[in-house]
Amino acid sequence: MDAPKSKAASSTTADREIIITRTFDAPRELVWDAWTDPEKVVKWWGPIGFTTTIEEMDVRPGGVWKHVMHGPDGTNYPNKSTFTEVVKPERIVYKHGGGKEGGPGVSFTATWLFEALGDKTQVTIHQIFPTAEEREKVVKVFNAIEGGNQTLERFSTQVSRTTTGKDRPFVLARVFKAPRDLVFKAFTEPDRMMHWWGPKGFKVLKASMDLRLGGTYLYGMAAPDGSSMWGKFVFREIVAPEKLVFMNSFSDEAGGITRHPMSPTWPLELLSTITFDEHPDGTLLTIRWETLPTATEEERATFNAGHISMNQGWGGTMEQLEAYLRS
């Protein structure tokens, strides 16, 4: 984790701005999730010693976020924000109002930027106040810059607990210049999946799909060396065209669950969640794999150690999907 930095803006609004940046040792999707999930936000929001009660948090343009921060001395700080822009997993903008209970309030526009730096994420908070005097007030009265640094420190600690835990998920996100309906169909129609599914060099030879809760997708692939490999999905949740959740495993031709042909300690099954979000450039596809509570310690360790190779394999698969969507 890199040290936080406070920046001075080089614009005509510099005297009204606070900018703080920190680099997290975690992928952007995990950092985004920790910011937008209320159950996670309450574990880190606010300076050291503060706790937070969230009354409402609707992270979408026009959505409202109402929360009360509780200081170490028992003082309450009610806050209400309205989201004006939410671009997953890149940017969150909201108009904020709040302050000490019974005291004068403050208002500003906050922008949180999430920049992917390989497996790390740079988070930047940019706050702009109505006047330079308002900025100076929150710096002197509320110790806003130090409070922001402490909040990012707590945020980083919360994310670190997730990435170093036994259940570290694998997350991959990619924006495709294609309509969401088309990207969803590419994952749910076997005739389409045969054109791109699998690592580079593999070819889908046979596939069948029963797209319903409890239904399966069973497929066989030929590896570059001529050997065959089978896999299976069992669908748990289908929300067209937004989301797919399924159990993922290696298989035999009859659909029985088998071990990874090249890694006997790989988990027998993984929970896979794929989301399809509309994006200004097309569709944001997010893939999340995680182990099950029944996984052994050895299986969890193998899964966590395999993230680098999974990134490489999925990278090739995403290139094939991109080429298919362009065709």
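Start with the largest nonpolar core of this predicted model. This core has 36 residues. Select F187, W196, W197, L285, M318 and L321, the residues with the most contacts inside it.

Now colour the elements that give two or more residues to this core: strand 9, helix 5 (180–188), strand 11 (216–222), strand 12 (228–239), strand 13 (243–251), strand 15, strand 16 and helix 8. Helix 8 gives the most, with six residues.

Next, pick L285. Leaving out residues up to four places away in sequence, L285 touches L172, A173, R174, F176, F187, I274, T275, F276, M318 and L321. Then look for another core, which lies apart from the largest one. This other core has 32 residues, including W32, W45, V106 and A110.

Go back to helix 8 and select T317. Is T317 buried or exposed? T317 counts as buried because its relative accessibility is 5%, and the cut-off for buried is under 20%. Show its partners: apart from neighbours within four places in sequence, T317 is in contact with W196, G198 and P199.

Last stop: helix 7, residues 297–305. Select its buried residues, E299, R300, T302 and F303. Why do they sit on the same side of helix 7? They cover an arc of only 165 degrees around the axis, so they share one side. Turn to the face away from that buried side, and you find the exposed residues E297, E298 and A305. Finally, display what covers the buried residues of helix 7: the cover includes strand 9 (170–176), strand 15 (270–279), strand 16 (282–290) and helix 8 (307–326).

Note on methods: Residues are numbered from 1 along each chain as its sequence is written. This is a predicted model: local features need pLDDT of at least 70, side-chain atom pairs count only at pLDDT 80 or more; totals for chains, interfaces and linings use all residues. Side-chain values use heavy atoms; hydrogens and water are left out. Buried means under 20% relative accessible area, exposed over 50%, partly exposed in between (1.4 Å probe, protein chains only). Helices (H or I, at least four residues) and strands (E, at least two) are DSSP runs, numbered from the N terminus. The arc is that of the directions from the helix axis to the C-beta atoms. Contact means heavy atoms within 4.5 Å. A nonpolar core is a set of buried Ala, Val, Leu, Ile, Met, Phe, Trp, Tyr and Cys residues joined through side-chain atoms within 4.5 Å.
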